[in-house]
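Please read the report below alongside the sequence and the 3D view. It goes from a pair of helices to the chains and then to the confidence of the prediction.

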Amino acid sequence: MGTAITMTEMKRKRFWMKVALFAALLAAWPTDAAAMHITEGILPASWAGIWFVVAAPFVFLGLRNLRIRSARSIHVKPLIGLTGAAVFVISCMPIPVPVVGATAHPCGVGLAAILMGPTITALIASVALTLQALFLAHGGLSTLGANTMSMGVIGGFTGYAVFHMGKRLGAGTWASAFAAGLIADWATYSGTALFMSLALARDGEWFSMFLAIMAAFAPTQIPLGVLEGFITAGAYRFIMRRRPEVADVDRLGVVA
Amino acid sequence: MLFELFSDIFTIRQSRLAFIDARVKVIVALGAVILTLAASSPLFPALMLTVGFIGAYMASVPARHVVLRFAAPAGTALLILLLKTFMTPGEVIGIFKFAGLGMAATEEGLRQGALISARVMGAVAVLQLFSFVTPAHHLFRSLRWMGAPKGWVEVAMLVYRFTFDIFEKAAEIGSAQRTRLGYSSAGRSLASAGTLAGAVALGAMEKAERVEEAMLVRGYSGEIPYDPPPPLGAAGIMKTAGSLVALGALFIILEAI
């Protein structure tokens with residue numbers, strides 16, 4: 001009995017040692033935090049296919065929304081194209097992360113979801129991710145489904161829900177936008193960590209892999225999420241001051 | 001640097017690969033990526049990596065740019081190799097001491113890690129070579145030809161087109177903010193970053209209105225006119241089929257080794 005307990009304790013200790021060691025190793029890697037997108041080739045064909053199938057309906061909902069709104073107002077497509085370009089640029093903004101001496105970048109999907117609605121955000125994310133995969137070597141084509149799920153769907157829907165929940169609960173616009181940016185960013189990374197660990201782990205080691213990846217993201221993502229909250233809130237406040245009519249998303253014809 | 005943002009800028013160097021029909025390149029590149037992901041040994045992905053480097057050289061892509069593009073995927077590949085080597089159960093091939101902790105490397109982990117890392121580098125090489133030799137507008141046209149949704153391709157074309165405008169605007173605003181010491185403290189940096197993102201988003205909206213007006217006076221009716229490409233033709237079909245057969249044969253040979 002004593003031996004069994006000792007063995008269990010040893011296994012547990014070894015498990016946490018591994019998690020801590022690899023989290024430290026991953027976090028200390030001196031490159032840009034391009035982990036926002038799962039790199040080409042990481043996912044096996046089966047997982048890549050699954051995430052394509054799961055993400056596709058959301059992108060098609062975005063396309064349906066685009067078609068309906070475009071029929072009502074022809075200025076919608078250029079607006080969405082430009083907002084997509086803005087998201088693309090925001091997600092390319094390098095921000096120094098002092099903890100690891102590297103740079104990371106915000107997602108921009110929290111802001112896009114507040115302004116454009118979540119299904120359009122999923123569409124914009126799928127486009128931005130495709131262009132980044134093909135022309136910048138960020139992400140990949142085979143991982144496009146997983147990346148669209150984590151950034152466009154999980155990040156977008158979470159940001160949208162948090163913003164409107166915050167407003168409904170009586171939080172101010174600034175606080176709601178801050179929470180939307182923060183939670184959308186963290187949700188995106190959690191999704192990425194989940195998808196990577198599901199694909200990489202074998203023989204019941206999924207949880208340790210998930211913890212290692214989450215812990216590795218933490219030094220960059222905790223401050224970056226806060227930063228993204230400030231950026232989203234600052235951007236939203238700036239837009240509301242200059243163009244308050246933008247808050248009326250129905251006028252833009254692109255709400256969820 | 002701004003104009004080197006997208007890899008397709010190197011198509012202006014007019015390599016022989018740039019003149020191949022984009023539809024042939026799309027199909028062959030997709031086939032190569034699928035085979036790379038399906039490989040059960042690192043040999044085929046390693047071949048794709050080699051082809052990618054040779055192709056980049058043939059397309060006159062500067063070495064600095066190639067290194068830049070491959071740096072992040074290479075870092076990811078190395079991390080995956082380490083993760084799998086030390087976190088996969090199996091026969092221990094070595095124990096490494098790190099900060100007083102003993103970490104066991106396993107043969108199975110090393111094998112799996114090497115395979116995934118090779119797939120990452122091979123697949124990235126294929127896509128990078130494709131983008132070095134294919135202009136974006138040829139890609140969009142090919143995607144429509146292949147049946148990609150029209151709305152999606154239109155949005156992609158607009159995003160691609162406007163990214164350069166917005167990057168320029170963001171660079172201008174960022175420069176003005178730095179001149180006014182907008183990033184001189186943590187608090188100022190946060191406020192400036194928010195203002196920058198807001199100005200970029202607002203600038204996008206204002207530009208959308210101007211673009212809409214400009215498109216309207218040029219006959220825009222809600223859809224960008226799409227001129228379908230000519231049929232692929234016998235030569236294109238032969239090139240595509242030949243390339244796919246060659247890739248398939250190489251895949252089978254390298255998998256059998």
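In which kind of crossing, left-handed or right-handed, does α3(A) pass α7(B)? The crossing of α3(A) past α7(B) is right-handed. This is a predicted model, and what follows describes that prediction.

**Two helix pairs**

Two packed helices are described by the angle between their axes and the distance between the axes. The table gives these values for one pair across the two chains and one pair inside chain A.

| Helix pair | Angle between axes | Axis distance |
|---|---|---|
| α3(A) and α7(B) (residues 186-217) | about 150° | 8 Å |
| α4(A) and α7(A) (residues 173-200) | roughly 125° | within 8 Å |

An angle over 145 degrees counts as roughly antiparallel. The angle of about 150° therefore makes α3(A) roughly antiparallel to α7(B). On the side of α3(A), the contact includes Pro78(A), Leu79(A), Leu82(A) and Thr83(A). Among the residues that α7(B) brings to it are Ala197(B), Val200(B), Lys207(B), Glu212(B) and Met215(B). By class, the residues of this contact are 15 nonpolar, one polar and two charged.

For the pair inside chain A, the angle of roughly 125° makes α4(A) oblique to α7(A). The crossing of α4(A) and α7(A) is right-handed. Here α4(A) contributes Val109(A), Gly110(A), Leu111(A), Ala113(A) and Ile114(A). They meet residues of α7(A), including Ala177(A), Gly181(A), Asp185(A) and Thr188(A). The contact of α4(A) with α7(A) has seven nonpolar residues, three polar ones and one charged one.

**The contact between the chains**

How many residues does each chain give to the contact? Chain A gives 64 residues and chain B gives 69. On the side of chain A that touches chain B, at least two residues come from each of α1 (2-27), α2 (45-72), α3 (76-90), α4 (109-116), α5 (118-136) and α8 (206-242). The most come from α3(A), with 13 residues. This side of chain A has 41 nonpolar, 13 polar and ten charged residues.

**Chain A as a whole**

Chain A has nine helices and two strands. Read from the N terminus, its elements follow the order α-α-α-β-β-α-α-α-α-α-α. Of the 256 residues in chain A, 59% are buried. Among the contacts in chain A with a separation of 6 or more, 77% join residues 24 or more positions apart.

**A residue in a loop of chain B**

Most residues other than glycine have a negative phi, and most peptide bonds are trans. Ser60(B) has a phi near 60°, a positive value in a residue other than glycine. This residue sits in the loop between α2 (43-58) and α3 (63-87) of chain B.

**Confidence**

The predictor gives the complex an ipTM of 0.81 and a pTM of 0.81. Chain A has a mean pLDDT of 78, with 75% of its residues at 70 or more. For chain B the mean is 84, and 95% of its residues reach 70 or more. In chain A, pLDDT stays under 50 over residues 96-103. It also stays under 50 over residues 249-256 of chain A. Where pLDDT is low, the predicted coordinates should not be read in detail.

Notes
Residues numbered from 1 in each chain as written. Chains lettered and ligands numbered in written order. Predicted model: local features only at pLDDT ≥ 70, side-chain atom pairs only at ≥ 80, totals over all residues. Contact = placed C-beta atoms within 7 Å. Helix = DSSP H or I, 4+ residues; strand = E, 2+ residues; numbered from the N terminus. Nonpolar A, V, L, I, M, F, W, Y, C, P; charged D, E, K, R; others polar. Axes fitted to C-alpha atoms, helices over the stretch in contact; angles between N-to-C directions. Parallel < 35°, antiparallel > 145°, perpendicular 65-115°, else oblique. Left-handed = near helix turned anticlockwise from the far one by under 90°. Buried ≥ 20, exposed ≤ 12 C-beta atoms within 10 Å, placed from the backbone. pLDDT = per-residue confidence, 0-100.
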